[in-house]
Each structure stands twice: as C-alpha cells, then as structure tokens.
Amino acid sequence: MIMFDLPSLVRENVKHLVPYSSARDEFTGKADVYIDANENSLGSPLTRWYNRYPDPHHQALKAKLGTIKGVSPEHIFIGNGSDEAIDILYRVFCVPAKDNVIICPPTYGMYEVSAHINDVELRKVELTRSFQLDLEALERSIDGQTKMIWLCSPNNPTGNVLDRADVEMVLNNFEGIVVVDEAYINFSRQRSLIPDLADYPNLVILQTLSKAWGLAALRLGMAFASPAIIDFMNRVKPPYNINQATQELALLALDEVDQVNDMIRLLVEEREKLTSVLSGMRGIRKVHVSDTNFLLVEMEKAHEVYRFLLDKGIVVRDRSKTPLCEDCLRITVGTPAENQKLINALMAFSFS
Ligand SMILES: *Cc1c(COP(=O)(O)O)cnc(C)c1O
C-alpha cells in the first residue's frame, strides 16, 4: 500500500470545520409535536405535503444502496447528482490558486468546469490514441501540489474502459486522491472497483442514478470511499442536498433492480446492433468499441451530418472538434424505434 496521509490532503479550513447542525441533527428521536425547525405546521398545497425537511443523512437510501452495492453506509456519500460530488471533492481537497488536479481528456466536462469554478489549476494529460492512460506523461505532471487525478471508466465521450492494470498502477503510486467515475459501469463488461475499496485508501468511486437507472431528472449521484473521506464530504455538503421527493422516489426505484437489469440488457443489445449496422454504412469510418449506452462514431463530414440530423429532428452530440475525437459524433443508444430513425436518416445523407 502507498503512504497515504489523508489529513495532509484535506484543506485546513475543512479539517477544522464545524458542520451546520440542523434541527433534525439535534433531536433524532420520535416525538408528537415538531415545532423545532420553523416549518409550516399546517401542511402545504400538495397532497403529499413535503412541509418537513428531509433526512440530511439519507439513511434509508444509504441502507438500500449499501445492500445493492455491497458496502456499508459509512462508505457512501449521496449528492445532488455526481456533479455535486465532483464539486465537493474540489472543496474538500483543493486550496484555490495553490493546488492542482489532473484530468485525462477527452473526458467528462464537469471535472474541468468545477476546477475553474473553484479556481484550481487544471493539468491535462491526454489519453493515448487508443484512449488509454499515458502513464509516463501522468507521472511527469504530478507535483507536490497535485491533490486529485480524475479518471473516467468507462470514459465519456470515448466509450471505452481504461485498462484495469493502469488504473491500479495509478492507485498504487499516487499519494493523492484518485477519483474513478463509473457513471456507465452498468453497461460495461468490466466490474466496478467498489469491492476493492478496502485496498485503496486514496480511491473515490463515483456512480449515478442518471444513466442505467433512468433517473437523470431526480439528481442523485453517489461517491464510494473510505469512511474518513466520506466524513469530510458530508461535512462540506449542504445539509438538505437531497430533497424529499428524490429520496422517496429513489427508494421506490431501488426496489426494481430486475427491471433495471432488463433495460440494461436491451440497451446493450441495441448498442451492439447499432454498432454493426453503422459499421457497414457508407461514409462511416469507425464505430469505437463501447462499454456504455452511447457510441462514438467517426465519419466523413461529421459536422454536416450533425446539422443534417438536427434538421430531421434528431439531436446527437457533435464532438468533431474535440482533440482525439476529430470527425466524431457521440450518439446515445435510443429506443429500438429511435435507433431505426437514426439509421434511416443517416442512409438519406449523401456522404459523397
Ligand atoms: C452523465 C455523467 C455523469 C452523471 O452526472 P449526474 O450529475 O449524476 O447526472 C457523471 N459522470 C459522467 C462521466 C457522465 O457521463
């Protein structure tokens, strides 16, 4: 194991932070009369009311998630989307205008946006041409102020998984925090790193209900890490970051693992079908191997195809100007009917 000293990584102000103590923190038992939190005691215009503040510790959710993911609740942080977890990681570990982090583009945009918001220096170590980690370049860009390395596997927008041996190499050698974003893990052949948490005190895994679980609108993201890291994240988060409606609906959804697995199977099947149809089409140069619910597709005239599809009412993501994704569109796997519409539209485009 590496030399890992968590307190030396955490910002001084966060280490000594006294978190906000809510009414529901100070009294956690059962009572008849709740007149401690300045809520509206009469109710609300909604039949389900929502006049009471939600559980700031998300206990029911963490218990259920813990069962599904095979970890205990102290290893789980719940955020208002993974995007909140990303921001909170910056605020726990990075001193603005002093510390730096490393990302490996092309990758998910929020690591960069959040760095800029927090005034944290961003170092970019491009992936190799085969969309894998450049370990030597990574090592060269680490210095004493490097607090976090952001890895995304399966990666967005490239769709591939990072080699597990490379990720382990980073985990075994970097003494800062290694974040592995597993937003698309449910669509992947590779297994999650969650069972390995005990081996890596520097590991933070991100997952979300926004993709495979089909609940992007509820805004619920998760971080899995050591209890010590989770504790710092909880101190920094807003007390009521997960609203009552989201907590209730997510709890209902988490009972439907079988239904979600059926959707995953169908989407993976559609992904493979779409891959083989697109690969055979004129004008299409390459459909990158995907471990996600989207495809990165390299083609002739990518930007014109993007405009053409828009005209037909089909929106895809234009990645044709992104380094290493030149001439590529990123296309989410749709319903079988949507995928057929996409294929029909592409066949109507004159590539020559
Ligand atoms: C979609 C996505 C997320 C999800 O973010 P939420 O805020 O949980 O919706 C996180 N990471 C990556 C790489 C993504 O593509």
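## Exercises on loops, ligand and sheet

Pro106 lies in the loop that connects strand E2 (100–103) with helix H6 (110–117). Helices (H or I, at least four residues) and strands (E, at least two) are DSSP runs numbered from the N terminus. The model is predicted, with local features requiring pLDDT of at least 70 and side-chain atom pairs pLDDT 80 or more, while totals for chains, interfaces and linings use all residues. Residue numbers start from 1 along each chain as its sequence is written, and side-chain values use heavy atoms, without hydrogens and water.

**Exercise 1.** Identify the cis peptide bond that involves Pro106, the one that involves Pro157, and the loop that holds Trp49.

*Solution.* 
1. The bond from Pro105 to Pro106 is cis, and its omega is near 0°.
2. Asn156 and Pro157 are also joined by a cis peptide bond, with omega about 15°. Pro157 sits in the loop between strand E4 (146–152) and helix H8 (164–173).
3. Trp49 belongs to the loop between helix H3 (23–26) and helix H4 (59–69). Its phi is positive, about 70°, although Trp49 is not a glycine.
4. For reference, most residues other than glycine have a negative phi, and most peptide bonds are trans.

**Exercise 2.** Describe the residues that surround the ligand and find the distance from Asn156 to a ligand oxygen atom.

*Solution.* 
1. The ligand is surrounded by 14 residues (a heavy atom within 4 Å). Asp181, Thr208, Ser210, Lys211 and Arg219 are the closest.
2. By class, the shell has 5 nonpolar, 5 polar and 4 charged residues. Here Asp, Glu, Lys and Arg count as charged; Ala, Val, Leu, Ile, Met, Phe, Trp, Tyr, Cys and Pro as nonpolar; the others, Gly among them, as polar.
3. From a polar side-chain atom of Asn156 to a ligand oxygen atom, the distance is 2.8 Å. For Thr208, a polar side-chain atom is 2.7 Å from an oxygen atom of the ligand. In the side chain of Lys211, an N or O atom lies 3.2 Å from a ligand oxygen atom.
4. The ligand taken alone exposes 390 Å², of which the protein buries 94% (Shrake-Rupley method, 1.4 Å probe).

**Exercise 3.** Give the strand order of the open sheet that contains E8, and name its edge strands.

*Solution.* 
1. The open sheet has 4 strands in the order E8-E9-E11-E10, with antiparallel pairing. Two strands pair if DSSP finds at least two bridges between them.
2. At the edges are E8 and strand E10 (317–318), each pairing on one side only.
3. Strand E8 (residues 284–287) and strand E9 (residues 294–299) run antiparallel and share 3 bridges. Ile284 faces Met299 in E9. The hairpin from E8 to E9 passes through 6 residues.
4. E10 is joined to strand E11 (residues 328–332) by 2 bridges, again antiparallel. Asp318 stands opposite Leu329 in E11.

**Exercise 4.** State how far apart the C-alpha centres of domain 1 and domain 2 lie.

*Solution.* 
1. The domain assignment, automatic or from a database, lists domain 1 (6–253) and domain 2 (258–348).
2. Their C-alpha centres are 29 Å apart.
3. Contact (heavy atoms within 4.5 Å) involves 23 residues from domain 1 and 20 residues from domain 2.

Notes:
A polar contact is a pair of N or O atoms within 3.5 Å; within protein, one must be able to donate a hydrogen and the other to accept it, and residues adjacent in sequence count only if both atoms are side-chain atoms.
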